[in-house]
Amino acid sequence: MPGPGGRVELRGRDFHHLCRVLRLAAGDTVDAVDPEGGRWRLRLLQVGPASCTAEASAAAPGPAPSTNEPALVLLQCLPKGRKMDLIIRQAVEAGAVRVVPLASDHAVVRPEEGGARLERWRRIAREAREQSGAARPAVIEPPARLDEAIGRERVGTAVFFHEDPAGSSPLHGILAGAEGPFALLVGPEGGLSARETALLEASGFRRAWLGDGVLRTETAALYALAAVRTIVREREAWRPSREG
């Protein structure tokens, strides 16, 4: 990341984030993560109208990464409008390592339309990683059709979330002893069709329910990621002792 003399010049979105959003000035310091996951401490030396110069030094190592951090993959059926922007931002902040946008029976947006927005989604993912300090970048895949994608993603533990509790299993039961990666599928505003539900179950996806109430698709994605991440990371601590 740093150039000769340990200095780096920042322009564009990096400059805007540091000097316009965070309002940093010469002499201020900030921690940064480069595209390879390296951590740096930046001290701003000079701030201009369209760029800034910083001195970069290796940041002190942070806490050791958790040995039980799950690999989370979000399979998100494409929602209306620009809701996917928020879903990707929150998914990366919640620990997703991959996001696969899906066209489904009830999705309004077709994958060829979503493809035009792929670069924006990847930019949003990079910004979310910078904001959250995630150790590794999240991969945003090109949009695909649900029927074609589920076969490729049926590795490790695969779960789809349904608004009807009938036939669903508790998340704790699904995840107890389950191996990653964890593929989590969330439907669009209109939900998953009966055909898709049957196809997912036949393909080995476990059916889960997120509880009473109707969640927006962008809320359901964050809810599902946070729930699975917490259960997997803490399941050993929550498992009742057999002693006594």
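1. Basis. Residues are numbered from 1 along each chain as its sequence is written, and side-chain values use heavy atoms, with hydrogens and water left out. As the model is predicted, local features need pLDDT of at least 70 and side-chain atom pairs count only at pLDDT 80 or more, while totals for chains, interfaces and linings use all residues.

2. Helix α1. Helices (H or I, at least four residues) and strands (E, at least two) are DSSP runs, numbered from the N terminus. In α1, residues 12-21, the buried positions are F15, L18 and C19; buried means under 20% relative accessible area, exposed over 50%, and partly exposed in between (1.4 Å probe, protein chains only). These residues are on the same side of α1 because they cover an arc of only 80° around the axis, the arc being that of the directions from the helix axis to the C-beta atoms. An α-helix has 3.6 residues a turn, so residues three or four places apart point the same way.

3. Partners of α1. Its buried residues pack against β1 (7-11), β2 (29-33), β3 (39-47) and β4 (51-58), where contact means heavy atoms within 4.5 Å. After α1 comes R23, with a positive phi near 60°.

4. Cysteines. The count of disulfides (a pair of cysteine sulfur atoms within 2.5 Å) comes to zero. For C19 the nearest cysteine sulfur belongs to C52, 3.9 Å away. C19 is buried at 7% relative accessibility, and C77 is buried with a relative accessible area of 0%.

5. Helices α2 and α4. The axes of α2 (residues 83-93) and α4 (residues 118-132) come within 8 Å and cross at roughly 35°. Axes here are lines fitted to C-alpha atoms, for helices over the stretch in contact, with angles from 0 to 180 degrees between N-to-C directions. The crossing is right-handed, that is, the near helix is turned clockwise from the far one by less than a right angle.

6. Residues of that contact. On the α2 side they include M84, I88 and V92; on the α4 side, W121, I124 and A128 are among them. The contact residues divide into seven nonpolar, two polar and six charged.

7. D85. This α2 residue is buried, with a relative accessible area of 12%. Leaving aside neighbours within four places in sequence, D85 is in contact with R120, W121 and I124.

8. M84. Also placed in α2, M84 is buried at 1% relative accessible area. Not counting residues up to four places away in sequence, M84 touches Q76, L78, P79, V99, P101 and W121. The C-alpha atoms of M84 and E218 are separated by 7.5 Å, with the two residues 134 apart along the chain.

Methods
Ala, Val, Leu, Ile, Met, Phe, Trp, Tyr, Cys and Pro count as nonpolar, Asp, Glu, Lys and Arg as charged, and the others, Gly among them, as polar.
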